[in-house]
Amino acid sequence: MSTQYLEKSGLPTRFAVALFPGFQALDVFGPLDILNLLSKNTSLSLYILSSTLEPVSTRTGTTGHTTSQSVVPTHTFTDSLDDIEVLLVPGGSGTRDPANVKEVIDFVRATYPKLQFLLTVCTGSAVAAMSGVLDGRRATSNKRAWAWATAQGPKVQWVRQARWVTDGNIWTSSGISAGIDMMYAFVADQFGEDVAQELADASEYVRNTDPNEDPFATKVENGVR
């Protein structure tokens, strides 16, 4: 990638992702790979957060997977990290257990007022809804988990027909792969459309650039009757 991206003052450069057992792999790795490529030409920092410094698996005893991956955190939720500008909250089967995501919920609630941006992927929006920070906001979530996810935030203005939704400094995406489109859109919004497109081209990825284009919102198997 030959283009040297211009550093602009005020742009977010300090990112963090909040992990829990049973997080969805692509919810995390898709957006983070975009940031990895972006960091070749724009200096970024990234914290990997969890309850402990033990490796965090995509699998739990109830997820039903026979294969999994684990990620080693760099910090815990109790570390004093006051410089996070963008927090990414993934979804996954692990969100269904309130005890499993309690520390994530508490961290989102405590940290949100200090953030420039909160980004959620899939049922990560349900976790954010449980924290209360989505009350009165527009948001979306995974369509196959729609009934459960939306029940976690009765005061949220849930938008079903959406690949991703932006409301102020909160970005929420639909299920799993939608997080990739949302992150490209976020990069375009903050660093420029040319930067986002070059990153997508480098990954040989065909972007969905329309946040309202969501073919999964009307599928019968996703709860539509």
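Predicted model: local features only at pLDDT ≥ 70, side-chain atom pairs only at ≥ 80, totals over all residues.
1. In this note, a residue is called buried under 20% relative accessible area, exposed over 50% and partly exposed in between, with a 1.4 Å probe and protein chains only. By this rule Glu204 is exposed, because its relative accessible area is 74%. Glu204 lies in the segment after helix 6. Helices (H or I, at least four residues) and strands (E, at least two) are DSSP runs, numbered from the N terminus.

2. Residues are numbered from 1 along each chain as its sequence is written, and side-chain values use heavy atoms, with hydrogens and water left out.

3. The sheet is considered next. Strands of a sheet pair through backbone hydrogen bonds, either parallel or antiparallel. Two strands are taken as paired if DSSP finds at least two bridges between them.

4. Strand 1 deserves a separate point. Strand 1 (residues 14-18) pairs with strand 2 (residues 45-50) in the parallel sense, over five bridges. Arg14 stands opposite Ser45 in strand 2. Four of the five residues of strand 1 are buried, and the strand is thus mostly covered.

5. Contact here means heavy atoms within 4.5 Å; axes are lines fitted to C-alpha atoms, for helices over the stretch in contact, and angles run from 0 to 180 degrees between N-to-C directions.

6. The axes of helix 5 (residues 178-191) and helix 6 (residues 193-202) come within 6 Å and cross at roughly 145 degrees. Helix 5 contributes Tyr184, Val187, Ala188 and Phe191 to the contact, and helix 6 contributes Glu193, Asp194, Val195, Ala196, Leu199 and Ala200. The residues of this contact divide into eight nonpolar, no polar and two charged. In this count Ala, Val, Leu, Ile, Met, Phe, Trp, Tyr, Cys and Pro are nonpolar, Asp, Glu, Lys and Arg are charged, and the others, Gly among them, are polar.

7. Aromatic rings are the next topic. Rings of Phe, Tyr and Trp (its six-membered ring) pair if their centres lie within 6.5 Å; planes under 30 degrees apart count as stacked, over 60 as edge-to-face and the rest as tilted. The whole structure holds seven aromatic pairs. One of them, Trp146 with Trp158, is edge-to-face, with 6.1 Å centre to centre and 75 degrees between the planes. Because Trp146 lies in helix 4 (residues 146-151) and Trp158 in strand 9 (residues 157-158), the pair ties together parts that are 12 residues apart in sequence. Trp146 counts as buried at 15% relative accessibility, and Trp158 counts as buried at 18%.

8. Trp171 and Phe186 form an edge-to-face pair, 5.4 Å centre to centre with 85 degrees between the planes. Trp171 lies in strand 11 (residues 170-173) and Phe186 in helix 5, so this pair ties together parts 15 residues apart in sequence. Both Trp171 and Phe186 are buried. Ring pairs link Phe15, Phe117, Trp171 and Phe186 into a cluster.

9. The loop between strand 11 and helix 5 holds Ser177 and Ile176. Ser177 is partly exposed, with a relative accessible area of 28%. Not counting residues up to four places away in sequence, Ser177 touches Leu26, Arg163 and Tyr205. Ser177 and Cys122 are 55 residues apart in sequence and 8.5 Å apart in space, C-alpha to C-alpha.

10. Backbone angles close the note. Most residues other than glycine have a negative phi. In Ile176, phi is near 50 degrees, a positive value. Phi of Glu204 is likewise positive, near 50 degrees.
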